[in-house]
Amino acid sequence: MAATIGIDLGTTNSCVATVEGDRPTVIPNTLGERTTPSVISFTSDGERLVGTPALRRAAINPDQTFFSVKRHMGTDWRARADERSFTPQELSAMILRQLKKDAEAYLGQPVDKAVITVPAYFNDTQRQATKDAGRIAGLEVLRIINEPTSAALAYGLDNGTPQKVMVYDLGGGTFDVSIIEIGDGVIEVLATSGDNHLGGDDFDERLFDHLADTFERENHVDLRRDASAAQRVREAARQAKCELSSAQSTVVNLPFLMQSGGMPLHMNVTVMRSEFERMTHDLVERTSAPVVRALDDAGIATSELGCVLLVGGSTRIPAVVEHVRSLTGHEPSNSINPDECVALGAAIQANTLETASEGLVPYTDILLLDVTPLSLAIETVGGVATRVIDRNTTLPTHYSQVFTTAAAFQTSVEINVLQGERPMAKDNKSLGKFKLGGIKRAMAGVPQIEVTFDIDANGILTVSAKDLKTGNEQSITITDSGRMSDDEIDAAIRDAERYAEEDAVRAKNAGAVDAAHRQLATVESALARVGKRIDRDEKKRVKAACANVARGLRKKPGKMTDADIQALIAATEELERTGAHVVELASQDSNG
Ligand code: AMP
């Protein structure tokens, strides 16, 4: 059986896992890290870096480095880099492609099937965008599942007793809380709630503000105006936050942070855990309302919970654990690493789907029943959102309702599909609109139009409208601006594949390009030192050889042909010969 993977495509970090032998295991990346920062950076020579190498470039290349792309999924936000613009799907695909590559290197075989997780709060457009990102990365997405559901899968295996469980997931950018029922071979999500804009990033920002304000009080300069200083402080804030999860205090020490009036300025600030807790108290508090709402929706009291699972890196913060304890009256479990839990569950689900499709005995026969995260409605007279499917309905689902016209002799109706809990259409998210025409002229209220909502197991929605008199039918074509068309996706796939080829060429050429850069730097610095002591002819020859190598380096390494590389190697060798005397003179200088 081909290997399948489970991917937790996180806001801050991503994680990939597989079922190996009979155990779900996290796949480390080529740097040996068990999670990969969800960061992409474009370098000036056309390289696209993902993960820690990208994170490292953030300080020197802040404009071309992209964080928290997941927050933009399903929107028309675009990143400008490499002289063009990229959709959130394309950037996410770069992360997914890297995880796929890491998995292939680890498993020693091609991997092309995956289960990818999304926050329970993601709407249809965001789920579809995630699926598209998978396609662009060359993955067949077997299923999109909710992160808390996935975590429950990872835990459900370890303690299979029937019970109701709360999954409290505080990650880098999102907060999700779900009430799950683990039954006899079935995990059902009873209710979900959360906050799409709450997570560890907000804790980092509070600490960053504290550090920047302290620095401004002491030095009278606003470091926020200096992009690379701000980036260093942001990094340090994140690290300090993590240290405060195990220590009572930490020191943020950043020498030579920036210059002011020609003087170097340093940062040296001690932060106590108690101070950090005061700064972030309201953020922790903000998780209470969704917890209460999820319990209400599930119709249960905290006393009915069998256990509470902690998921997401931010649940390592002691004040968060304490808050969950006092909110639920349960000692929360964190026996599975909170950063890895979701990917492990996704790997189990991928394995289950794949083995089932091949008629083999799956690792587990746990069946996944997911729910709609938000209610679905259509807009009716007076801008009212008329609900068709309630929030937390178990998937897959199919529901029809008959509507009619509002005005006399109306020959067409516009169906505006909405997602959200608010009573008025304008306060909900419009997923798309379509027109059903050809309605027979009749008095208002006479035509019968059947509207059908179909949601598949991935949570992806199709809406159709049928005139019951004529049988004329129309189904939705979502025109949401955040959504990519099939043509756009195909173009993005071609672009990603072309880039993967360039990447391979770049790796093959790296040695020659590196040697050329080194040789050029050596000769140029030697020439700067001893140039005045050699005759004009020699100087001219050395300069020409330098220019020749520099010309050979002008092309981006990924775009160099074999002939370009041969020419570069020849130019480098020529420079080594022509510049040997100058280099010799300079080295005698420094030895003497
Ligand atoms: P996740 O999206 O689950 O990988 O969670 C990532 C978030 O967890 C980031 O905001 C991290 O800074 C945060 N995080 C990771 N480890 C710790 C820790 N030891 N203490 C506090 N926050 C952490």
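In the predicted model, an oxygen atom of the ligand is placed 3.2 Å from a polar backbone atom of Ser 314, a polar contact being a pair of N or O atoms within 3.5 Å, where within protein one atom must be able to donate a hydrogen and the other to accept it, and residues adjacent in sequence count only if both atoms are side-chain atoms. The protein covers 88% of the 500 Å² of accessible area that the ligand has on its own, with accessible areas computed by the Shrake-Rupley method with a 1.4 Å probe and, for residues, only the protein chains shown counting as cover. An oxygen atom of the ligand also lies 2.9 Å from a polar backbone atom of Gly 313, and a nitrogen atom of the ligand is 2.6 Å from a polar side-chain atom of Ser 245. The ligand is surrounded by 15 residues, of which the closest are Lys 241, Ser 245, Gly 312, Gly 313 and Ser 314; a residue is near a molecule or strand if one of its heavy atoms lies within 4 Å of it. Helix α6 (residues 227-243) contributes the most to this shell, with three residues.

The model is a prediction in which local features need pLDDT of at least 70 and side-chain atom pairs count only at pLDDT 80 or more, while totals for chains, interfaces and linings use all residues. Residues are numbered from 1 along each chain as its sequence is written, and side-chain values use heavy atoms, with hydrogens and water left out.

Ser 314 itself belongs to the loop between β17 and α9 (318-328), and it counts as buried because its relative accessible area is 6%, where buried means under 20% relative accessible area, exposed over 50%, and partly exposed in between (1.4 Å probe, protein chains only). A polar atom of the Ser 314 side chain is found 3.4 Å from the backbone nitrogen of Gly 200. Strand β17 (residues 305-311) contains Cys 307, which is likewise classed as buried, at 14% relative accessibility. Although Cys 307 and Val 167 are 140 residues apart along the chain, their C-alpha atoms are separated by 8.8 Å.

Over the whole chain, the secondary structure comes to 13 helices and 26 strands; helices (H or I, at least four residues) and strands (E, at least two) are DSSP runs, numbered from the N terminus. Buried residues account for 51% of the 592 residues, and the C-alpha atoms fill a box of roughly 100 × 60 × 55 Å, taken along the principal axes.

Strand β24 (residues 449-455) is mostly covered, with five of its seven residues buried. It pairs in the antiparallel sense with strand β21 (residues 397-403) over seven bridges, two strands being paired if DSSP finds at least two bridges between them. Within this pairing, Tyr 399 has Phe 453 of β24 as its bridge partner. Strand β24 also pairs with strand β25 (residues 461-467), again in the antiparallel sense and over seven bridges, and here Lys 466 of β25 is the bridge partner of Glu 450.

An open sheet of three strands has the order β6-β5-β7, with antiparallel pairing. Its edge strands are β6 (48-50) and β7 (65-66), each of which pairs on one side only. Strand β5 (residues 40-42) pairs with β7 over two bridges in the antiparallel sense, with Phe 66 in β7 as the bridge partner of Ile 40.
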